[in-house]
Amino acid sequence: MWRSSVSLRSFGEVYSKLSRCVETRSMSNLPESTVYGGPKSKSPWKRVTLRHLEAKYLTNQPITMVTAYDYPSGVHVDRAGIDICLVGDSVGMVVHGHDTTLPVTMDDMLLHCKAVARGADRPLLVGDLPFGSYEQSSQQAVASATRMLKEGGMDAVKMEGGGGSRVQAARAISEAGIAVMGHVGLTPQAISVLGGFRPQGRNLDSALQVLDHALALQSAGCFSIVLECVPSPIAAAVTAALKIPTIGIGAGPECSGQVLVYHDLLGMMQHPHYVKVTPKFSKQYASLGNVIQDALSQYREEVSSKAFPSPVHTPYRIDDEQTSAFLEALEKRGLHEAADAAQAAALHDVASGEPPIKTPVD
Ligand SMILES: Nc1nc(=O)c2c([nH]1)NC[C@@H]1CN(c3ccc(C(=O)N[C@@H](CCC(=O)O)C(=O)O)cc3)CN21
Ligand SMILES: CC(C)C(=O)C(=O)O
Ligand SMILES: [Mg+2]
């Protein structure tokens, strides 16, 4: 009952059309070992393509996606074997401290996309089109999507909403040869009309709208659709009705895949600002916020008490001969206090028992 042969074929059509550009960009014409196995490769695996996602979807294996914003998180997401790394416009709230995603610009996004692309070699990279970068016209949408790939190093883009003009924009992007992911349910860029980060699809009209928008985006050529903050039965129905994978966030277990924000799943949010913007559906797989806070407090205490830096973290040495010459030079210049301080530090080095490191004198 999972998929009819008709839906398999349709899905394959969408993919064969869209996957070409992704595979060409990521694999190039070089031998695989050059691209993936070289000394610079951060990952032993190949890059995930739309074909890999298709294979997972068709065999009912959940697709994994994480929102990340920078080089180190890109490296971690890559090494964890996550399928898709989304550079999300949630960066505006999580990293830049805004209350909504609205202030995020195309230039903000491109900076973060470039950083993630340097860190994550393996996952499919999806760039979130920010508010204001695709609503005016299909031309604007294609231009912004093109920048995401050309400048940001992304493999695909994501855009919010499934109303008439959004569907047109999605179609234009897809027809331009750019893989596009849809996003329905709670679409944070529409907070002005939604009146808050409220769950969607909780009455008949709203539920049918979520379904209709998802179907329209599928027809427009989207390769996948994010379902955000909708009741599980609605997400299950949309997932069953579509021939492309749904990626859920606060949408229950019936979606074809799941996405969470890196900082949310790592429990990095300790400040009241973060508590306010951390959704209740996100599971914390670690409490990095506590770890970070404890480490910073310990550092502050050790600097205050002079426990840091100890000899092990004071690696640069000057040998006895050079020290004597330096002390003499200081005395000659009348810098007696400076000479005393240098001598005391040199004796302290010796007393620490750490062997002096021989470094070439410059
Ligand atoms: N850190 C973070 N994680 C996210 O998942 C995320 C962002 N930021 N920013 C962009 C959007 C906004 N998201 C959110 C943010 C808050 C709620 C939330 O707390 N909703 C409440 C209702 C709040 C209200 O009614 O105003 C809820 O009960 O679900 C949900 C999704 C999801 N996205
Ligand atoms: C939550 C995901 C789907 C997103 O759009 C973002 O991180 O910006
Ligand atoms: Mg987003």
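Biologist: Which helices each supply at least two residues of the shell around ligand 1?

Modeller: The model is a predicted one, in which local features need pLDDT of at least 70, side-chain atom pairs count only at pLDDT 80 or more, and totals for chains, interfaces and linings use all residues. Residues are numbered from 1 along each chain as its sequence is written, while chains are lettered from A and ligands numbered from 1 in the order in which they are written. Helices (H or I, at least four residues) and strands (E, at least two) are DSSP runs, numbered from the N terminus. On that basis, the helices that each give at least two residues to the shell are α5 (91–94) and α12 (262–265).

Biologist: How many residues surround ligand 1?

Modeller: A residue is near a molecule or strand if its C-beta atom, placed from the backbone, lies within 6 Å of it. The closest to ligand 1 are S90, G196, F197, V261 and P279, and the residues that surround this ligand number 19.

Biologist: How many residues of the shell around ligand 1 are nonpolar?

Modeller: Ala, Val, Leu, Ile, Met, Phe, Trp, Tyr, Cys and Pro count as nonpolar, Asp, Glu, Lys and Arg as charged, and the others, Gly among them, as polar. The shell has 5 polar and 3 charged residues, and its nonpolar residues number 11.

Biologist: Which elements give two or more residues to the shell around ligand 2?

Modeller: The residues around ligand 2 include T67, L86, D128, V226, E228, V259 and V261. The elements that give two or more are β6 (224–228) and β8 (257–261). By class, this shell has 5 nonpolar, 3 polar and 3 charged residues.

Biologist: In what order do the 8 strands close into a barrel?

Modeller: Two strands pair if DSSP finds at least two bridges between them. In this barrel the pairing is parallel, and the order is β1-β2-β3-β4-β5-β6-β7-β8. The twist averages 25 degrees from one strand to the next, where axes are lines fitted to C-alpha atoms, for helices over the stretch in contact, and angles run from 0 to 180 degrees between N-to-C directions. The barrel order is therefore β1-β2-β3-β4-β5-β6-β7-β8.

Biologist: Which residue of β2 is the bridge partner of V66?

Modeller: Strand β1 (residues 63–67) and β2 are paired in the parallel sense over 3 bridges. With helix α4 (residues 71–79), these strands make a right-handed β-α-β unit; right-handed here means that, with the strands pointing away from the viewer, the path from the first strand over the helix to the second runs clockwise. The β2 partner of V66 is C85.

Biologist: Which residue of β3 stands opposite V87?

Modeller: Strand β2 (residues 84–87) runs parallel to strand β3 (residues 124–128), and 4 bridges join them. One bridge pairs I84 with L124. Opposite V87 stands G127.

Biologist: How many of the 7 residues of β5 are buried?

Modeller: A residue is buried if 20 or more other C-beta atoms lie within 10 Å of its own, exposed if 12 or fewer, and partly exposed in between, with C-beta atoms placed from the backbone. From β5, A179, M181, H183 and G185 point one way and V180, G182 and V184 the other way. Strand β5 (residues 179–185) is mostly covered, and its buried residues number 7.

Biologist: Which residue of β5 does K158 stand opposite?

Modeller: Strand β4 (residues 156–158) and β5 pair in the parallel sense over 3 bridges. The chain passes from β4 to β5 through helix α8 (residues 164–175) in a right-handed β-α-β crossover. The residue opposite K158 is M181.

Biologist: Is Y262 buried or exposed?

Modeller: Y262 lies in helix α12. Its C-alpha atom is separated by 9.9 Å from that of C85, 177 residues apart along the chain. Because 24 other C-beta atoms lie within 10 Å, Y262 is buried.
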